[in-house]
Amino acid sequence: MLVSVDVTGKKQVPILAETVPTLENGGISKDGLTITYHLRHGIVWHDGTKFTSADVAFSWRAIMNPSNNVIGRTGYELVKSVDTPDPTTAVFHMKRRFSPAVNTLFGESDTPYAVVPQHLLASLHDINAIPFNSNPVGTGPFKISEWVRGDHLTLVANDAYFLGKPKLRRIVVRFIPDENTEINQLRTHDVDWQFEASPQEYQALKTIPGLNVYLQQTNQYERVEMNTLHPPLDDVRVRQAIAYVVDRKKLVDDLTFGSAVAADQDLPPFMWAHATDITRYSPDLGKAKALLAQAGYAPGPDGMLVRNGRKLVLELAYTSTNTTRRAGVVQIQSMLAAVGIRVEVKPYQGALLFAAAGEGGILTGGKYDLGWAGWVSGIDPDNSSVVTCAARPPNGNNSMFYCNARMDVAEARALDRFDVPTRKRAYAEIERDLTHDEPQLPLWWPRQLQPVNVDLMHFSPNPVVETWNAYLWDI
C-alpha cells in the first residue's frame with residue numbers, strides 16, 4: 001500500500017510513500033486534480049529487483065485493463081493518467097476531484113489493491129490465471145516460502161523490508177475449516193492468532209487463559225443485499241416490508257453475544273458521516289403486511305403470499321462456512337414466513353459467492369434474490385463503490401444493482417469536496433435515500449474479534465487492517 005492508517009484508524013501513515021499527500025504539503029494540488037506521491041528510496045521486491053514508480057503506474061493500468069478480472073475500479077477509473085518523472089515519484093492526474101483518493105488509490109479503502117511488480121507481469125495479456133497468483137512477489141515484511149493448498153501457507157521474514165527487519169522469523173497460516181478446531185488450538189497455543197473469530201464464540205473465547213480478545217470497531221456492517229433487478233425486489237414496498245419484518249435486535253442478541261451493535265444504516269456511529277435523519281425500521285408486521293398488500297400480494301390458502309397465482313418465494317444466499325450466517329439465515333427464514341414470504345436458503349463457498357462477475361460470482365453476477373454478506377471499508381465514509389448507479393459490476397461493488405439518480409448527485413458532491421462539513425451534509429442526504437429505498441438491509445455493526453496469544457507482542461489491530469505493523473510482531 002502507498003498509504004495505510006495507524007492503530008487508531010484515523011491517522012494516515014505512509015507505507016510505500018515517503019509522506020502522505022495533502023493539500024497542506026502540496027501533495028494534492030489546489031484544484032484537487034493532481035496527487036503526487038514521493039516514494040521511499042531503497043525499496044526492493046522480494047526477488048531483489050528495485051521497486052520504482054513504474055510499478056505504481058503499471059498496477060493502475062493492470063486494474064484498468066479490461067482483460068483482467070477485478071472486483072471493482074472505483075476511484076481508479078477517475079485517474080486520467082499516471083506520470084513517473086523519476087523512479088521515486090508517481091503523479092496521478094485525475095479526471096475530476098475525488099476526495100477519498102489518498103485512502104483509495106493503493107490505500108486501505110473499499111477495494112484495496114496492492115502495487116504489483118511490472119518486471120514480472122507487464123508482458124502478459126492478463127493476470128487472471130498465472131503462476132504469480134500462487135506465488136506472489138511483494139515488498140512486505142514476509143514472503144511466501146510454501147503454499148500447501150487447503151492446508152497451510154508458510155511465510156518467512158524479508159530481512160530487506162524497508163521499514164525494518166521483521167522480528168518474527170516465520171509465520172504459518174493454517175487453513176482450518178472448522179471454528180471449534182480453531183478454538184481448541186487457541187487453547188493449546190498451537191494457534192497464536194485466530195483471524196476474525198465468529199461473534200458467537202465471543203463469550204467462550206473470553207474464558208480461555210492466556211488469550212487476549214481484541215474487540216475492534218471497524219467501518220463495517222453485516223447486511224442482507226436485495227437484488228433490485230429481480231422481481232418482486234424491484235418494488236421498494238417489498239424491500240421496505242422485509243425491513244419491517246426482520247428483527248435486527250433479536251439477531252444481534254442471538255447471534256453476536258454482545259460483540260456487535262444493531263445497525264440502522266451502513267455508516268457506524270463512530271464515523272463522522274453517520275446520519276441521524278433517516279428511515280428506521282423497527283419490527284412491525286402490520287406495516288409490512290400493508291406494504292405487501294399495496295404491492296399486490298394476498299395470503300393464499302396455506303397463508304403464503306400470492307400475486308397473479310404466483311407465490312412470493314425468495315432465495316437467500318449465504319456463506320456456508322460462516323457459522324453466524326448459517327444460524328442467521330434460518331432465523332430470517334422464520335421471520336419472513338410470519339408474513340407469508342417463503343425463503344429458500346442456499347449455501348455457497350465464499351470464493352464463489354463473492355467472486356468477480358467474470359469469474360462466475362453469485363452476488364456480482366446477480367444470480368440471487370437475497371444475499372447475506374458483509375462490507376468492510378476504510379477510514380473514509382465513501383460508499384459510492386457500493387450504492388451508485390455506475391458502481392454496478394464489473395465497475396464496482398453495487399451487487400444490489402441499485403440506482404437512484406438523485407442520490408448519485410449527493411454522492412458526486414461528497415466526492416468532489418475535501419471539506420468535512422460539505423461532505424457530512426451530502427452523506428445525510430445519501431443515508432436518507434438509502435434507508436428509504438432499502439436496497440440492502442443493514443443488520444449490525446460488527447466489532448471485529450481478534451483472539452491472540454498473550455505472548456504475541458505488538459499485535460495492535462486498527463479499524464482497517466490487522467497486519468499494518470506485522471514487522472514489529474514478536475513472540
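1. In this predicted model, helix H7 passes helix H9 in a right-handed crossing. H7 covers residues 248–256 and H9 covers residues 323–337. The two helices pack at an angle of about 150°, and their axes lie 10 Å apart.

2. The residues that make up this helix pair can be listed from each side. H7 contributes Lys 250, Leu 251, Asp 254 and Leu 255. From H9, these meet Thr 324, Ala 327, Gly 328, Gln 331, Ile 332 and Met 335. Sorted by class, the contact of H7 with H9 has five nonpolar residues, three polar residues and two charged residues.

3. The structure holds one disulfide. Cys 389 and Cys 403 form this link, with their sulfur atoms 1.9 Å apart. The angle about the S-S bond is 95°, and the link of Cys 389 and Cys 403 is right-handed.

4. Where do Cys 389 and Cys 403 lie? Both Cys 389 and Cys 403 are placed in the loop between helix H11 (384–387) and helix H12 (405–416), so the pair ties together parts that are 14 residues apart in sequence.

5. The accessibility of each cysteine should be read separately. Cys 389 has a relative accessible area of 12%, and because the cut-off for buried is under 20%, Cys 389 is classed as buried. Cys 403, at 43% relative accessibility, counts as partly exposed.

6. A further point concerns an open sheet of three strands, which run in the order E12-E13-E14 with antiparallel pairing. Strand E12 (298–299) and strand E14 (310–311) are the edge strands, each pairing on one side only. Strand E13 takes in residues 305–307 and pairs with E14 in the antiparallel sense over two bridges. Arg 307 stands opposite Arg 310, a residue of E14.

7. Thr 74 deserves a separate entry. Thr 74 lies in the loop between helix H1 (53–64) and strand E4 (79–86). Is Thr 74 buried or exposed? Its relative accessibility is 16%, so Thr 74 counts as buried, the cut-off being under 20%.

8. The surroundings of Thr 74 complete the note. With neighbours within four places in sequence left aside, Thr 74 is in contact with Thr 104, Ser 384, Ser 385, Asn 395 and Gly 396. Among these partners, Ser 384 and Ser 385 fall within the residue range of helix H11 (384–387).

Methods: Residues numbered from 1 in each chain as written. Predicted model: local features only at pLDDT ≥ 70, side-chain atom pairs only at ≥ 80, totals over all residues. Heavy atoms only, no water. Axes fitted to C-alpha atoms, helices over the stretch in contact; angles between N-to-C directions. Helix = DSSP H or I, 4+ residues; strand = E, 2+ residues; numbered from the N terminus. Left-handed = near helix turned anticlockwise from the far one by under 90°. Contact = heavy atoms within 4.5 Å. Nonpolar A, V, L, I, M, F, W, Y, C, P; charged D, E, K, R; others polar. Disulfide = S-S within 2.5 Å. Buried < 20%, exposed > 50% of the residue type's maximum accessible area, 1.4 Å probe, protein only. Pairing = 2+ DSSP bridges.
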